[in-house]
Each structure stands twice: as structure tokens, then as C-alpha cells.
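The sequence and structure come before the details.

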Amino acid sequence: NNGAPIRMEVVPNQGGQFESFSIAMANVQIINNSVDPGLSTIDIYSQENLITDNLNFRSGTSYLELPSGIETEIGIARGSSSGVADTLISITVSLRSNDNYVLVVQGMDDASLPSFKPLSNLFFESKLHAATGSNTEFITINGSPDLPQIDIKENAVINDYIIQDLDYGMSSGYSALPSSIYQIELQSSSSNAVVKTYSVDL
């Protein structure tokens with residue numbers, strides 16, 4: 001009714017002002033990996049609140065604080081949306097206090113686009129630090145609709161596959177490698193054809 005927001009508070013036995021409980025929060029990073037030109041920017045809502053405006057394709061937010069311990073709906077709309085009613089896709093999550101998460105927006109809204117894959121969310125728990133200080137830990141995501149399965153091969157330090165048969169829209173889970181400079185091949189799993197090569201400083 002447009003009054004004060006709902007919250008739990010304590011009335012001290014000696015009287016005076018109410019004392020508020022602190023709200024336990026979690027941290028969520030959101031990434032726009034939708035190849036749909038109509039989603040070159042996206043707006044992000046938590047419940048009915050706009051939390052990120054016009055996030056560009058192949059960009060991510062910083063870690064955003066969202067309430068933990070309750071169900072929270074995160075909605076995705078086209079950039080410059082007029083409100084939460086413009087949401088195209090949403091996900092309801094229950095976050096643990098002080099934990100960290102990543103939400104990747106992928107796929108397409110326009111079904112006429114080549115290699116169409118429906119708009120979807122990939123959500124997983126994330127790390128801020130490697131378990132061993134001399135290592136770098138990373139997650140691989142297959143976000144290319146043109147590559148149903150991918151392999152990742154390293155050719156300089158370990159000379160072996162790091163990831164194999166990773167399906168579109170999926171993540172690999174964390175891999176750990178000693179921090180170094182690696183020569184990486186992105187391959188199509190079906191043909192072993194090299195799609196791209198990269199020099200990666202981990």
C-alpha cells in the first residue's frame with residue numbers, strides 16, 4: 001500500500017528506536033552471452049527491481065548482492081525495457097549467504113536466426129580464489145550455437161585435452177592448472193577440426 005517496506009525488527013526492552021536485523025546477502029555475476037542481435041543489450045531484474053541496465057553482449061556485471069535464504073526471481077529483458085513485465089525469461093534461485101554464483105544468459109529469442117537455440121539461463125556456484133595459490137581455476141562454457149560439442153586442447157605445457165565433448169549450453173565445472181602461459185586449441189568434437197587457437201595467460 002505504498003507504505004514502509006516489510007522488515008523484521010527488534011524492540012529493545014529499554015524502549016527507543018527499533019533495531020533492524022541485518023539482511024544476509026549472496027553475490028551473483030550475470031553474463032550476457034546471447035548471440036541474438038535483438039539482445040545485444042539486456043536489462044536484469046531481481047523480483048521487480050531493475051538491477052542492471054543495458055548489459056552489452058559478451059559483457060558481465062560485477063558481483064551483485066542479492067538476498068540469500070529466500071527464493072529470488074531473476075528476470076532478463078531486452079535493453080531499455082520499460083519494466084519487469086517485459087521479461088523474456090527468468091530463473092528462480094535460492095542463494096546461500098555469502099556464497100558466489102554466476103548466471104549466463106545464452107541462446108536466442110528470435111527463432112528465425114540460423115542455428116537457433118532457445119533463450120536459456122545457465123546458473124552455477126562460482127569461486128573467487130583457487131584452492132592452491134600456484135594454480136588458476138576456471139570454468140569452460142560452450143556458448144556457441146554453431147558448435148554442438150567442443151574440445152579444448154593445450155599444446156605447449158601439458159600437450160593434452162583439458163575439456164572433451166562439452167555440449168552447447170553446458171559448463172565443464174572447475175578445472176585447475178598451474179599458472180602459466182598456455183597454447184589453446186578450440187576444436188569441434190565431431191570432426192576434431194581446429195576452430196580457433198589462443199595464447200592464454202593463466
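R96 counts as partly exposed because its relative accessibility is 46%; the classes are buried under 20% relative accessible area, exposed over 50% and partly exposed in between, with a 1.4 Å probe and protein chains only. The model is predicted, so local features need pLDDT of at least 70 and side-chain atom pairs count only at pLDDT 80 or more, while totals for chains, interfaces and linings use all residues. Residues are numbered from 1 along each chain as its sequence is written, and side-chain values use heavy atoms, with hydrogens and water left out.

R96 forms a salt bridge with E125, the closest N and O atoms being 2.5 Å apart. This pair links distant parts of the chain, 29 residues apart: R96 is in the loop between β9 (89-94) and β10 (100-106), and E125 is in strand β11 (residues 120-125). Strands here are DSSP runs (E, at least two residues; helices are H or I, at least four), numbered from the N terminus. E125 is partly exposed, at a relative accessible area of 41%. R96 also meets D99 in a salt bridge, at 2.7 Å from N to O. A salt bridge is a side-chain nitrogen of Lys or Arg within 4 Å of a carboxyl oxygen of Asp or Glu.

## E137 and K127

The structure holds 4 salt bridges. One of them joins the side chains of E137 and K127, at 2.6 Å from N to O. E137 lies in strand β12 (residues 135-141) and K127 in the loop between β11 and β12, so this pair ties together parts that are 10 residues apart in sequence. E137 is buried, with a relative accessible area of 19%, whereas K127 is partly exposed at 40%. Salt bridges that share partners join R96, D99 and E125 into one network.

## The largest pocket

The largest pocket holds about 940 Å³ of space. A pocket is found on a 1 Å grid over the protein atoms alone, as an open set of points where a 1.4 Å probe fits, with protein on both sides within 12 Å along at least five of seven lines; lining residues have an atom within 4 Å of a point. Grid points are joined across faces, edges and corners, and the volume is the space filled by probe spheres set on the points.

Its lining has 34 residues, of which T140, I141, N142, G143 and I150 lie nearest the centre. Elements giving two or more residues to this lining are β3 (25-33), β10, β12, β13 (149-154), β15 (171-178), β16 (181-188) and β17 (194-201). By class, the lining has 23 nonpolar, 7 polar and 4 charged residues; Ala, Val, Leu, Ile, Met, Phe, Trp, Tyr, Cys and Pro count as nonpolar, Asp, Glu, Lys and Arg as charged, and the others, Gly among them, as polar.

## Q187

Q187 lies in strand β16 and is buried, at 4% relative accessibility. Leaving aside neighbours within four places in sequence, Q187 is in contact (heavy atoms within 4.5 Å) with residues including Q149, I150, D151, Y161 and V195. The C-alpha atoms of Q187 and T197 are separated by 8.9 Å.

## Positive phi angles

N98 is not a glycine, yet has a positive phi of about 70°. N98 is placed in the loop between β9 and β10 and is exposed, with a relative accessible area of 61%. D165, also a residue other than glycine, has a positive phi near 55°. D165 is in strand β14 (residues 160-167) and counts as partly exposed at 46% relative accessibility.
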